[in-house]
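Me: I have a structure open and would like to learn how to read it. Can we go through some features one at a time?

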Amino acid sequence: MFPEALQAHIAPAVNDFINGLIEAYTPFFDSVAGGILTVLITINDFLVIVPWWGYILAVGILSWYSSKKIVASLILASLPYFIGMFGLWPMAIESLSVIITSVLLALIIGLPMGVLMAEVKSVAFVLRPLLDGMQTMPSFVYLIPAMMLFGLGKVPAVFATLIYALPPVIRLTALGLNQVPKPVEEAALAYGATRWQLIKEVRLPLAMPSILAGVNQTTMMALAMVVISSMIGARGLGQEVLVSINRIDVGRGFEAGMSVVFLAIVIDRLTQNLAKKWEPPKR
Amino acid sequence: MDTPASSGSIVVQDLWKIFSRKSGISFSSSDTEDDSLVEQLDKSDDAVVAMKGVSFTVKEGETFIIMGLSGSGKSTLIRCLLRLVEPTSGDIIVNGKNVTAMSKSELVAFRRENIAMVFQHYGLLPHRTVLDNVGFGLKLRGEEKEAYRKKALGALEMVGLKGWEKYHPAALSGGMRQRVGIARALVMDAPILLMDEPFSGLDPLIRRELQDEMIRLQKEMKKTVFFVTHDLSEALRMGDRMAVMKHGEIVQIGSPDEVIANPADEYVARFVQDEREQLERTEQALAKEKQGKEAAPHVS
Ligand SMILES: Nc1ncnc2c1ncn2[C@@H]1O[C@H](COP(=O)(O)OP(=O)(O)O)[C@@H](O)[C@H]1O
Ligand SMILES: [Mg+2]
């Protein structure tokens, strides 16, 4: 046994820190929560208006537009149908609105941070170990501060999802920017590109495939997290899984699990295909 | 500095470049005056003395060749003229303007108006069409799409790539890509053209073709051309005057004929000798190829 005398805890300090944060910045967190909620409600309102067949159509058309493969597009478009068939449509929409909100916020925060990380060495120096830490941290650990800062419900779920899903988009944006071939950059500079022109005309377009791979990864991580964040009241498909576990209802859990998988496949394929469209043309 | 402002002249005075290979170390202009320090740096692994007190003048409208073995500092020198590489000390005066003293924004304006460059590795944008690659410099200058595309089309025609404007660089052969690179430079209408081994990556026939093309274009345009190569035959064909570089120093300047007739030292002599032999070999090979072509039965 580890001697009791050597035990020391940082838990109280962490608790104190979070409590102190909440007390000192209540108005700030309230306004952040308000902001997140507004985005969430707007997106949710829109998602609810669209009829179920609208989704099937949209998935089919987007897939066809981005991949030009008929069979694959038909199969992909049929997947939302199965979610509805299982009676899980409303839950899927709920999850989707949390995902879209989180990903949107992750991109708004992550893309500029990725650019900064690629441009400024010291930022990369600080950010890299932080991102490593964020990605190796067990995902449900994020639920704790999220819950403490924002209570229960969808807002903390968005917050936790956002934090969890942020690293890939930052990392792959920076990676893509750093991978731009030197001769191309040099040519742009030789013709009088300013720093901003270099970013806008050369580095960002050339980094686009990598950036979109980051968006894809971020979205997939958000999806995984949204299921876990049902533990703090995100509802949606994750809650179905949670309820099934509690009731040891394997069949119901399976349906919910399959629905998560279908959602994942649809989102993954669509974002990947769109990413491929950005690769430089071969002719 | 009171050099007369003529369009297309390049004056380089006592130019030095010391690259640092160790992070945290940088060199200032006073370091280059300390002979023993330079010698010590030259031997150490922490720094590369890529240019040692290079001086020369290029007159308006002449084709000036820089020749030397790989690693002798040619690319460093040509990049310094645009300050793509920041010189450690020395002066560069182009069109009467002191390039070394320019601020960042002055430098951007200078690069846009005065000099266009062609690179060995083309440096084309893979996501842009051939047409938009040619118009890229004009776009950076702030010209409208319609205007720069029209000019770019004209430049493409000049380099014999009419009909290729909608393609992307990936669809083109090396020789065609370099034609795009040349068109991108010509369309800028700058008085000075910098070319860093533009044809070195191409096979001999294509190289020959592009050399002829450049000579033809140069007859019309009469630009000042600053041309880096390690190929003596190229230097002979294209150059009015040439400078030979060795370990970051210019060891001889003169017309190609002078250099061949009176090599300044052992290095130049050997260089000329090697290149002369190679020259003979390629001439033979070309002759053979020509014969082969003529001998082959015509199918069509
Ligand atoms: N960015 C750099 N950092 C450090 N050393 C460099 C850099 N660029 C060039 N050098 C060194 O400077 C020397 C001259 O290189 P370069 O000008 O490219 O020669 P060349 O074009 O004649 O082959 C070489 O030893 C090369 O390794
Ligand atoms: Mg070189």
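Me: Which side chain makes a polar contact with the side chain of Arg207(B)?

Reply: A polar contact is a pair of N or O atoms within 3.5 Å. In this predicted model, the partner is the side chain of Asp231(B), at 3.2 Å. Arg207(B) itself lies in helix α8 of chain B, which covers residues 204-221.

Me: What else is Arg207(B) in contact with, leaving aside neighbours within four places in sequence?

Reply: Besides Asp231(B), the list holds Phe199(B), Ser200(B), Leu202(B) and Glu234(B). Pro191(B) is 16 residues away from Arg207(B) in sequence, and their C-alpha atoms are 24 Å apart.

Me: Is Arg207(B) buried, exposed or partly exposed?

Reply: Buried means under 20% relative accessible area and exposed means over 50%. Arg207(B) has 22%, so this residue counts as partly exposed.

Me: Now a residue of chain A. Is Asp268(A) buried or exposed?

Reply: Asp268(A) has a relative accessible area of 13%, and therefore counts as buried. This residue belongs to helix α11 of chain A, residues 250-277. Apart from neighbours within four places in sequence, Asp268(A) is in contact with Asn216(A) and Met220(A).

Me: Next, the ligand. Which residues surround ligand 1?

Reply: The shell comes from chain B and includes Phe19(B), Arg21(B), Val48(B), Ala50(B) and Leu69(B), as well as the run from Ser70(B) through Gly71(B), Ser72(B), Gly73(B), Lys74(B) and Ser75(B) to Thr76(B). Sorted by class, the shell has 4 nonpolar, 6 polar and 2 charged residues.

Me: Where do N or O atoms of the protein lie relative to the oxygen atoms of ligand 1?

Reply: A backbone N or O atom of Ser72(B) is 3.3 Å from a ligand oxygen, and for a backbone N or O atom of Gly73(B) the distance is 3.1 Å. With Thr76(B) the side chain is involved: one of its N or O atoms is 2.5 Å from an oxygen of ligand 1. The protein buries 64% of the 560 Å² that ligand 1 exposes when taken alone. Two elements of chain B, β2 (47-58) and α2 (74-80), each give two or more residues to the shell. The largest share, 3 residues, is from α2(B).

Me: How many residues does the largest nonpolar core have?

Reply: Such a core is a set of buried nonpolar residues joined through side-chain atoms. Here the largest has 90 residues, and those with the most contacts inside it include Val202(A), Leu77(B) and Met195(B). Helix α7 of chain B, residues 174-186, gives the largest share, 6 residues. Apart from this core lies another, of 64 residues, including Ala92(A) and Val215(A).

Me: What does Met195(B) touch?

Reply: Not counting residues up to four places away in sequence, Met195(B) touches Ile78(B), Val118(B), Ile182(B), Met214(B), Val225(B), Phe226(B), Phe227(B) and Val228(B).

Conventions:
Residues numbered from 1 in each chain as written. Chains lettered and ligands numbered in written order. Predicted model: local features only at pLDDT ≥ 70, side-chain atom pairs only at ≥ 80, totals over all residues. Heavy atoms only, no water. Core = buried A, V, L, I, M, F, W, Y, C linked by side-chain atoms within 4.5 Å. Buried < 20%, exposed > 50% of the residue type's maximum accessible area, 1.4 Å probe, protein only. Helix = DSSP H or I, 4+ residues; strand = E, 2+ residues; numbered from the N terminus. Contact = heavy atoms within 4.5 Å. Near = heavy atom within 4 Å. Polar contact = N/O pair within 3.5 Å; in protein donor to acceptor, adjacent residues only side chain to side chain. Areas by Shrake-Rupley, 256 points an atom, 1.4 Å probe, with all protein chains shown as cover. Nonpolar A, V, L, I, M, F, W, Y, C, P; charged D, E, K, R; others polar.
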